Amino acid sequence: MIVVLVEVSPAGEAVETSREAITFARDLAAAGGGIPIDAVVVGAPDDSLVTVLASYGVRRVHALTGPAYDAFSGAAWATGVEHVRASAGAVVVMASGTPRGNEVLAHLGARAGVPMAANVVSFGGLSPFTVTRQVVGGAALEEMQLSQRPALFTVAGHTVEARPADAPGAGEVVVETPDVPDADLVARVVSTDEPEPDLSGTLKSARVVVGAGRGAGSAEGFDDLLELVDLLDASLGVSRVVTSLGWRPHHEQVGQTGSRISPDLYIPCGISGAIQHWAGCSTAKAILAINTDPDAPMVTKATHAVIGDLHEVVPAINAEIRRRRG
Amino acid sequence: MNPLVCVKRVVDSSSEVVLTEDGQGVDGRFAGFTTSAHEECAVELAVRIAADQGGGATVVTLGDADAVEQLRSALAVGCTAATHVLVDAQSLGPADVARELAAVVRDHEAAGTPHQLVLLGNDAADSGDHQVGIRLAHELGWPVVNGVSTVSVSDGTVTASGSGPDGHETYRVPLPAVVTVLEGGVEPRYPTVPGRMKAKKVPIEERQPVAEPVGPARVRLVLPPPSPSSVEVLGEGAAAAPAVVDLFERLGVLAR
Ligand SMILES: Cc1cc2nc3c(=O)[nH]c(=O)nc-3n(C[C@H](O)[C@H](O)[C@H](O)COP(=O)(O)OP(=O)(O)OC[C@H]3O[C@@H](n4cnc5c(N)ncnc54)[C@H](O)[C@@H]3O)c2cc1C
């Protein structure tokens, strides 16, 4: 049996990366001759969540409930997942390669004394059990053997497309209340600030996205880019460097740990095109890269490119648009 | 308060990545080496916590002789002691690294300089294993907070916070504890010239590993297939603007 840890949004929905992980699990299950897939969720799932998970081919939804699960603790989640794994005799435990997924599976790996493979993109075969995962930020791939049981791995975001199964699973709900030792609750979230409203909707649906990366230079370096956004009636999407430096809010991030976009045109300015960023924009119909480095991956992968300093190129484009409009 | 901060020498992967001939590692001879971004932030946090609490931050690395450069960099920005486990880092898996770090923590405690707090990067820029901190905490029997970007200590408690899936999350954990750090919460400081001079003189504790490594469960590294480039270069600099706007018109994306 395969156990997949499914993360649930505050609105009660299975997050996309978890649905991707189940989609990935189905290929593994099929290769193993139709091994059943069970999901673990934290908290009581509502009917629509169960229906969605069943449509993805999930046989059982194990719901971890009880006060130990009121606030996040990686150790407590790991105890719950291990309880499900052990009682069901699962040989594979999977999660999505999100912070939660990697954290919980790392606890399982430490406890069981077995390897854990983070950010897997494909599996090579079942005997020996080999997976391929992203390393060096995705610039290289590592083939790894998971010959000990349980085999533990997380699936890198957006390496497969989440899609429902041809044959739905039963989606039977099993409530689980495993004993959680106090030690698991020492490191748990004590407060969560108001979630930022999800403002990524317009970014995901925009026909044109203007992208900005480290090349923007500073929080003040966005004026011309925002003018271009305005002139094209576009949305702004940024690289992780930009959000981690605090230049722009997280909901604007494109990539593996941000939004996945498929606009008619993506205009990444000063973005190198690291694989985690590429994962979020590769399905754009056209890409116009603006970069000082003609060898930047974003430039070589783009459909169109301008080589140059975005602080010179973007104002010139804005001026040209204004000129043509008269 | 004497926090321990763990750093790793990694190949600078901002340009093209080249693998070693045996496919077991990344060849850094041309690209050069650096410290992971997450760990630079962990060093900054360790130095601030030590200053705040009165004490010194110790930096540790596992690596070959050249990894001393990463230790000197951390010493140059305020760490006051350094430990070097001399080992081929490529031969180690995450469980090996955790075991060696735990041995350092235990030996330092036995020597009278205990570390109540260990800071690590959330994941290394090269191996991206996402588990050394958690495995270390497991070895030590300490609690672990993962993936946070701000960390402070007062009255024997670590307060750490970072962004979670549902908002900004805060943890409060009694010492001793392990914390893994994600970049973004602090700006690592640059070394000053006196800082660099001072760092050169700090004696470095050199150690051998305490156990045979189990190794990473690696078969080999491979490079993803290069995608053939079919990019149309529209021009260079500001002069490309008319060609760009022509493209916008062709694609029909120019709002009217
Ligand atoms: C697990 C994991 C998940 C990640 N998830 C994401 C994600 O979701 N999204 C994401 O974006 N990243 C993600 N990353 C980070 C990713 O690996 C890269 O570090 C990041 O995308 C790089 O951002 P950047 O291109 O803005 O910066 P850099 O890599 O520093 O590139 C800057 C680029 O700008 C160019 N440039 C500089 N100045 C100028 C100028 N004046 N004009 C024009 N061009 C200029 C340079 O030539 C260079 O190509 C993730 C990493 C990991 C390990």
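Residues are numbered from 1 along each chain as its sequence is written, and chains are lettered from A and ligands numbered from 1 in the order in which they are written. In this predicted model local features need pLDDT of at least 70, side-chain atom pairs count only at pLDDT 80 or more, and totals for chains, interfaces and linings use all residues, while side-chain values use heavy atoms, with hydrogens and water left out.

**Ligand site**

The ligand has 25 residues around it, of which A:Arg214, A:Ser239, A:Ser272, A:Gln276 and A:Asn291 come nearest (a residue is near if one of its heavy atoms lies within 4 Å). By residue class, the shell holds six nonpolar, 15 polar and four charged residues; Ala, Val, Leu, Ile, Met, Phe, Trp, Tyr, Cys and Pro count as nonpolar, Asp, Glu, Lys and Arg as charged, and the others, Gly among them, as polar.

| Side chain | Distance to a ligand oxygen atom |
|---|---|
| A:Ser239 | 2.5 Å |
| A:His277 | 2.7 Å |
| A:Asn291 | 2.7 Å |

Taken alone, the ligand exposes 980 Å², and the protein buries 80% of that area (Shrake-Rupley method, 1.4 Å probe). In chain A, helix H7 (240-244) and helix H8 (275-281) are the elements that give two or more residues to the shell; helices (H or I, at least four residues) and strands (E, at least two) are DSSP runs, numbered from the N terminus.

**Helix packing between chains**

Helix H10 of chain A (residues 310-325) packs against helix H6 of chain B (residues 241-251) at an angle of about 60°, and their axes are 9 Å apart. Axes are lines fitted to C-alpha atoms over the stretch in contact, with angles from 0 to 180 degrees between N-to-C directions. H10(A) and H6(B) are therefore oblique to each other (under 35 degrees is roughly parallel, over 145 roughly antiparallel, 65 to 115 roughly perpendicular, and the rest oblique). Their crossing is right-handed, meaning that the near helix is turned clockwise from the far one by less than a right angle.

**Backbone features**

Most residues other than glycine have a negative phi, and most peptide bonds are trans. A:Ser127 and A:Pro128 are joined by a cis peptide bond with omega about -5°; A:Pro128 lies in the loop between strand S5 (116-126) and strand S6 (129-135) of chain A. Another cis bond, with omega about -5°, joins A:Arg149 and A:Pro150, and A:Pro150 sits in the loop between strands S7 (140-145) and S8 (151-155) of chain A. A:Asn119, in strand S5 of chain A, is not a glycine but has a positive phi of about 60°.

Notes
A polar contact is a pair of N or O atoms within 3.5 Å; within protein, one must be able to donate a hydrogen and the other to accept it, and residues adjacent in sequence count only if both atoms are side-chain atoms.
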